[in-house]
Amino acid sequence: MTKSKPYKNALVGLLSLASVLPDGTTASALPRSADCQRNQYPGPKNPSFETGDLSGWTVVNGTAFGNASVTTGATATASQLLGSGPFNHVGKQFLSTILQNGDPATGTLRSSTFRASSVMSFLVSGGYDPPNLYVGLVLEKDGTLLFRQTATSDEAFIRIVWDTSAYAGQNVYMVVVDTSITSHINLDDVRTGCNALKDGPYTFNVLGQSNQPTTTKNLTAASRYAVDPTRPQFHYTPYQGWINDPAGLIQWGGKYHLFNQFNPVAPLWGPMYWSHAESTDAVHWRDLPVALTPPYPNNTQDTSGRYTGSAVKNNDTGALQLVFTDATNVTFHPNAVPEVVSSAVASDGIHFDLYNGNPIVAHPPPNSGSGFRDPKVFWDPTDNNWKMVVGSGNSQSGNVQLFKSTGPATSELLSWEYVGVLHQGDGSRGIMWECPNFFPIGDKWVLFYGQDKGFKGWYEVGTYNGTTFTSEKLGLFDAGPDSYATQWFADDSGRNLAITWINNWNTTKWPSRVNGWAGTQSIMRELFIREDGGLGQKPVEEVSLLASGPAKSLGQTDVRGTLEVGSLDTARLQATIDLAASTAPAFTLELFASKAESTSLVYNFANQSLTLDTTRAGYGDAGTWNATIAKPANNRLSLDILLDRSSIEVFVGDGTAMTVRVFPRYQESKNIRVVSQGGKTVFDDIVLTPLGSAWE
């Protein structure tokens with residue numbers, strides 16, 4: 001659990017989404033885009049600011065707006081204040097409220113009056129601050145604010161689509177509002193009518209808070225979650241709000257339980273709650289009531305909260321116990337210990353009561369100057385006792401602290417004694433290790449943790465003598481960019497399972513924020529020791545239960561050139577490649593593909609490298625990530641790929657995993673194809689299976 005607050009205005013981000021949205025702006029379950037031809041009228045004057053100034057727009061108040069607010073009038077300033085991009089803008093110019101007089105300046109800008117079409121769209125970027133930074137649409141006759149949309153705390157533009165058919169033909173105008181003294185908002189390319197939905201032959205994915213149905217709508221969870229084109233369908237996400245670390249993973253009462261670091265009031269990090277969901281099969285989920293609430297929820301500036309932890313069954317009473325970090329914001333509570341370990345118990349597994357003797361570990365041990373958080377309880381067979389690892393570090397390197405329970409093994413775990421440093425880093429992986437997990441697989445022990453201020457998830461495999469761990473193998477838990485804060489548990493059948501957060505802290509790309517939510521958990525993964533002694537992973541076999549239709553098998557296939565496999569954005573793609581029979585230097589799997597964008601997965605036969613390339617992949621982070629794949633003894637490379645609207649999880653037969661979020665811009669970007677140039681790539685089989693919703 002990272003304490004960092006990467007966004008400028010934490011206070012406004014903690015305001016309830018419902019409290020800052022005009023009445024009715026979350027009422028439309030589906031935009032009525034079919035009506036776009038019925039009512040089409042010209043939009044505001046100078047809709048893309050290509051005049052290089054504010055022609056057609058009127059400064060209502062403040063000092064945030066002037067001709068320097070358009071990028072042409074301040075090229076050097078724009079680069080200095082906004083960065084080098086890419087901004088994803090249209091044309092050469094766009095509007096930004098930072099350019100005229102900096103972030104402290106405030107003001108309101110309005111467009112010319114125009115008749116509302118059935119649909120409109122625009123590009124927005126800049127800060128996330130719903131009440132203070134937004135683009136709005138106003139009904140001219142009475143000044144009613146019909147819609148508003150804030151940005152995502154990123155300078156790259158995202159297209160917002162509004163269904164304005166209820167006001168078609170009426171006079172309206174747009175406003176750009178900046179009453180924030182710490183951030184700004186950017187606007188470009190306002191469109192109306194059918195042009196608002198298209199880029200040439202490509203149809204925009206419909207994004208924007210106004211398109212999200214409220215939870216009071218008479219919709220099933222699966223139907224409500226399906227509305228958002230960026231929302232994964234078979235991965236856990238919050239309907240609204242923010243999640244990060246998975247926590248408290250356990251199979252209890254015959255069901256799988258998943259808790260999450262959770263902020264229910266805004267799609268960004270804040271005072272941490274624990275959300276809670278259960279599953280009968282490890283892949284389908286049902287939300288339960290919030291398990292833990294921060295100690296000071298009514299003070300939106302106080303970020304004290306319940307950080308990551310673990311769950312354990314009380315073998316005496318059968319109750320479910322949570323062991324977690326109580327984090328205190330010392331700005332508001334200067335005499336408090338910043339991070340301690342606390343406990344809560346629920347006899348029904350749902351309604352948790354805090355232990356009245358909290359904290360159960362009141363002070364960090366020595367060598368904990370960098371932090372002390374994320375306790376993970378485990379059973380230690382070396383001395384038949386409950387143990388606990390806690391993430392920590394000093395000024396030189398990260399470490400993992402070890403504690404042992406001093407109470408009866410069958411009772412609630414409330415008494416702990418410090419054992420010592422389980423494992424000390426050398427400084428190359430940061431000075432704070434978060435979210436540690438420690439457990440045996442066969443005759444080996446596995447330690448994994450997150451590197452704070454670098455945000456990489458590492459594993460180490462080695463031996464353990466009951467007090468210290470000796471590492472024999474080190475590697476990345478996931479070779480992609482979007483995996484952090486992984487948590488392990490063993491289920492009732494003895495499988496070693498894990499879920500990882502499919503996001504990361506070192507990104508500004510949170511496109512789903514415009515829809516009111518952020519954060520995704522991975523599919524349940526099964527862990528194993530690889531042939532090279534490292535840690536491997538694969539999807540649990542229950543993933544097959546998500547199939548929503550028959551699988552399409554291509555059988556043995558020689559690919560020369562391009563092979564179209566199918567067109568799905570929630571699917572499982574399984575392929576086996578005959579390495580010995582293939583003659584091409586490489587092959588590429590193009591995923592979420594159209595002519596406008598795609599994500600590429602490239603395998604190079606000579607150096608056995610697998611490259612994940614998102615440089616043409618929509619709104620997500622652009623980059624490339626590489627992994628070296630062990631050559632299989634049977635010369636068959638196997639790939640198991642899960643595609644879920646905006647996420648990709650790649651599993652290779654040797655145990656390598658690569659995970660990324662991509663957020664396609666266009667509805668047409670669903671194609672799956674194989675490209676093999678300079679020779680043939682021989683597939684024993686290619687199987688494409690449509691997958692359905694995880695929501696019950």
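A charge is taken to sit over a ring if NZ of Lys or CZ of Arg is within 6 Å of the ring centre and within 35 degrees of the ring normal. By this criterion, arginine 224 lies over the face of tyrosine 239, at 4.7 Å from the ring centre. Arginine 110 is placed over the face of tyrosine 173, with a distance of 3.7 Å from the ring centre. The structure is a predicted model, in which local features need pLDDT of at least 70 and side-chain atom pairs count only at pLDDT 80 or more, whereas totals for chains, interfaces and linings use all residues. Residues are numbered from 1 along each chain as its sequence is written, and side-chain values use heavy atoms, with hydrogens and water left out.

Aromatic contacts were examined next. Rings of Phe, Tyr and Trp (its six-membered ring) pair if their centres lie within 6.5 Å; planes under 30 degrees apart count as stacked, over 60 as edge-to-face and the rest as tilted. In one of them, the ring centres of phenylalanine 372 and phenylalanine 403 are 6.0 Å apart and the planes stand at 55°, so the pair is tilted. Phenylalanine 372 belongs to strand 21 and phenylalanine 403 to strand 23 (residues 398-405), so the pair ties together parts that are 31 residues apart in sequence. Strands (E, at least two residues) are DSSP runs, numbered from the N terminus. Both phenylalanine 372 and phenylalanine 403 are buried, where buried means under 20% relative accessible area, exposed over 50%, and partly exposed in between (1.4 Å probe, protein chains only). For phenylalanine 439 and phenylalanine 448, the centres are 5.6 Å apart and the planes at 75°, so this pair is edge-to-face. Phenylalanine 439 and phenylalanine 448 are likewise buried. One aromatic cluster is formed by Phe378, Phe438, Trp445, Tyr464 and Phe469.

Strand pairing was then considered. Strands of a sheet pair through backbone hydrogen bonds, either parallel or antiparallel. Two strands are counted as paired if DSSP finds at least two bridges between them. An open sheet of five strands shows the order 16-15-14-13-31, with mixed pairing. Strand 16 (286-292) and strand 31 (517-518) stand at its edges, each with a single partner strand, so one side of each is left without a neighbour in the sheet. Within this order, strand 14 (residues 255-263) and strand 15 (residues 273-279) run antiparallel and are joined by seven bridges. Phenylalanine 262 has tyrosine 273 of strand 15 as its bridge partner.

Strand 30 (residues 496-501) is mostly covered, with six of its six residues buried. Asn496, Ala498 and Thr500 are buried on one side, and Leu497, Ile499 and Trp501 on the other, which leaves both faces covered. Strand 30 runs antiparallel to strand 29, to which five bridges join it, and tyrosine 484 stands opposite tryptophan 501. Strand 29 and strand 30 form a hairpin with five residues between them, and glycine 494 in the turn has a positive phi of about 90°. Strand 30 also pairs with strand 32 (residues 525-529), in the antiparallel sense over two bridges; here leucine 497 stands opposite glutamate 526.

Alanine 485, in strand 29, has a positive phi near 60° although the residue is other than glycine. Alanine 485 is buried, with a relative accessible area of 4%. In the loop between strand 20 and strand 21, asparagine 367 has a positive phi of about 65° and is not a glycine. At 41% relative accessibility, asparagine 367 counts as partly exposed. Proline 359 is placed in the loop between strand 20 (353-354) and strand 21, and a cis peptide bond with omega of about 0° joins asparagine 358 to proline 359.

Finally, the largest pocket has a volume of about 510 Å³. A pocket is an open set of points on a 1 Å grid over the protein atoms alone where a 1.4 Å probe fits, with protein on both sides within 12 Å along at least five of seven lines; lining residues have an atom within 4 Å of a point. The volume is the space filled by probe spheres set on the points. The lining comprises 22 residues, of which Ile250, Trp379, Trp386, Trp488 and Ala490 lie nearest the centre of the pocket. Two or more lining residues come from each of strand 13 (241-252), strand 17 (305-313), strand 21 (371-380) and strand 29 (484-490). The lining divides into 14 nonpolar, four polar and four charged residues, where Ala, Val, Leu, Ile, Met, Phe, Trp, Tyr, Cys and Pro count as nonpolar, Asp, Glu, Lys and Arg as charged, and the others, Gly among them, as polar.

Note on methods:
Helix = DSSP H or I, 4+ residues; strand = E, 2+ residues; numbered from the N terminus.
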